[in-house]
Amino acid sequence: MTRIPRSAMILGLAGLIPFIWGAITVLQPPLADWTIRAIGPRFAGPYVMLFYGAIILAFMSGVLWGFATKLEGAQAAAGYTLAVIPALWAFFTTGGGPSSAGISLMAGFIGLLGLDWLFWRYGVAPEWWMHLRILLTAVVLACLAVGVFA
């Protein structure tokens with residue numbers, strides 16, 4: 001089965017909302033101004049993407065940890081070790097300004113996709129996993145690129 005379950009697809013796409021909102025507010029300064037006045041500066045421009053991106057990398061570390069529980073022996077030890085990398089990456093690399101933090105998050109999401117593939121290749125992620133992860137990662141990278149380069 002390579003079809004993504006409906007609930008996973010819907011929730012995965014919903015999880016893109018902060019990234020998409022951040023990119024839109026970078027491209028539309030009046031909307032960014034409204035957002036800052038209405039709900040605060042953390043929810044506009046690159047800041048919402050950076051904050052949320054760090055949270056998602058930490059969340060995905062937990063997902064990978066869950067996959068690692070299905071492994072055994074040395075492969076499990078390697079899996080647990082690899083699973084913590086996205087969270088640590090976000091913690092240690094996003095403290096700079098918006099551009100350097102955005103580039104670091106982009107690198108983190110690319111690395112995460114590699115880890116997704118590895119766990120999928122080990123057979124502990126669902127068959128449909130990479131279809132979903134490639135889609136979501138592409139959108140996240142495009143949004144973060146807007147925040148960094150626009």
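Colleague: Which residues in α7 meet which residues in α8?

Modeller: Among the α7 residues are Ile-103, Leu-105, Met-106, Phe-109 and Trp-117, and they face a set in α8 that includes Trp-129, Ile-134, Leu-141 and Phe-149. Contact here is heavy atoms within 4.5 Å. Mind that this is a predicted model, where local features need pLDDT of at least 70, side-chain atom pairs need 80 or more, and totals for chains, interfaces and linings use all residues. Numbering runs from 1 along each chain as its sequence is written, and side-chain values use heavy atoms, without hydrogens or water.

Colleague: Why is α7 called roughly antiparallel to α8?

Modeller: Helix α7 (98-121) and helix α8 (129-149) pack at about 170 degrees, axes 9 Å apart. Under 35 degrees is roughly parallel, over 145 roughly antiparallel, 65 to 115 roughly perpendicular, and the rest oblique. So α7 and α8 come out as roughly antiparallel.

Colleague: And what makes α6 roughly antiparallel to α7?

Modeller: Helix α6 (85-93) packs on α7 at about 170 degrees too, with the axes 10 Å apart. That angle makes α6 roughly antiparallel to α7. Pro-86, Trp-89 and Thr-93 do the touching on the α6 side, against α7 residues including Ala-101 and Leu-112.

Colleague: What makes Phe-91 and Phe-92 an edge-to-face pair?

Modeller: A search of the whole structure gives 7 aromatic pairs. In this one the centres are 4.9 Å apart and the planes are at 80 degrees. Rings of Phe, Tyr and Trp (its six-membered ring) pair with centres within 6.5 Å; planes under 30 degrees apart are stacked, over 60 edge-to-face, the rest tilted. Hence Phe-91 and Phe-92 are edge-to-face.

Colleague: Why is the pair of Trp-128 and Trp-129 called tilted?

Modeller: Their planes are at 55 degrees with the centres 5.9 Å apart, so the pair is tilted. Trp-128 and Trp-129 also belong to an aromatic cluster with Phe-67 and Phe-119.

Colleague: How do you know that Pro-41 counts as exposed?

Modeller: Its relative accessibility is 54%, so Pro-41 counts as exposed. Buried is under 20% relative accessible area, exposed over 50%, and partly exposed in between (1.4 Å probe, protein chains only). Pro-41 lies in the loop between α3 (29-39) and α4 (45-68). Phe-91 and Phe-92 are exposed as well, while Trp-128 and Trp-129 are buried.

Colleague: What puts Arg-42 over the face of Phe-51?

Modeller: Arg-42 is 4.6 Å from the ring centre. A charge sits over a ring if NZ of Lys or CZ of Arg is within 6 Å of the centre and within 35 degrees of the ring normal. Arg-42 lies over the face of Phe-51.

Key:
Axes are lines fitted to C-alpha atoms, for helices over the stretch in contact, and angles run from 0 to 180 degrees between N-to-C directions. Helices (H or I, at least four residues) and strands (E, at least two) are DSSP runs, numbered from the N terminus.
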